[in-house]
Amino acid sequence: HYTEVRAMTSRQECIPVDDMESMVREQLQAFYRYNGIPPQRIICYRDGVAHNQFEEVHEVEIHAIERACHAIEQGYQPQIVFIVEQK
């Protein structure tokens, strides 16, 4: 398991796409180096998302995760579990 935590500024709901993509890509590379294969499942836990921002966070961040997966290996499509705790 590999975990990364990053703080966001007050009232910032979405992690910027480039930050999210690079963060996930780094995690995938670390997992691959350690295990020799990419993970079959990615679990992303997001805390503190306002109800009216849920769709934006979901679309932006899942898209960034998918882009990071494609950057690691063509055709790589792990199961993505996206857990959001709303405010």
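Student: Which residues does Arg 41 touch, leaving out those up to four places away in sequence?

Tutor: This is a predicted model. In it, Arg 41 touches Pro 78, Gln 79 and Val 81, when residues up to four places away in sequence are not counted.

Student: And how far apart are the C-alpha atoms of Arg 41 and Val 81?

Tutor: They are separated by 7.4 Å, although the two residues are 40 residues apart along the chain.

Student: Which strand does Arg 41 lie in?

Tutor: Arg 41 lies in strand β1, which covers residues 41–49.

Student: How many bridges join β1 to β2, and do the strands run parallel or antiparallel?

Tutor: There are 8 bridges between β1 and β2, the latter being residues 79–86, and the two strands run parallel. Along this pairing, Ile 42 stands opposite Ile 80 in β2, and Asp 47 stands opposite Glu 85 in β2.

Student: What unit do β1, α2 and β2 make?

Tutor: Together they make a β-α-β unit, and the unit is right-handed.

Student: Now the helices. At what angle do α1 and α2 pack?

Tutor: Helix α1, residues 17–35, packs against helix α2, residues 54–72, at an angle of about 45 degrees, and their axes are 8 Å apart. Because of this, α1 is oblique to α2. The crossing in which α1 passes α2 is right-handed.

Student: Which residues in α1 and α2 meet?

Tutor: Those in α1 include Val 17, Met 20, Val 24 and Leu 28, while those in α2 include Val 60, Ala 64, Ile 65 and Ala 68.

Student: How do the residues of that contact divide into nonpolar, polar and charged?

Tutor: The contact of α1 with α2 has 11 nonpolar, 1 polar and 5 charged residues.

How values were computed: Residues numbered from 1 in each chain as written. Predicted model: local features only at pLDDT ≥ 70, side-chain atom pairs only at ≥ 80, totals over all residues. Heavy atoms only, no water. Axes fitted to C-alpha atoms, helices over the stretch in contact; angles between N-to-C directions. Helix = DSSP H or I, 4+ residues; strand = E, 2+ residues; numbered from the N terminus. Parallel < 35°, antiparallel > 145°, perpendicular 65-115°, else oblique. Left-handed = near helix turned anticlockwise from the far one by under 90°. Contact = heavy atoms within 4.5 Å. Nonpolar A, V, L, I, M, F, W, Y, C, P; charged D, E, K, R; others polar. Pairing = 2+ DSSP bridges. Right-handed = clockwise from strand over helix to strand, strands pointing away.
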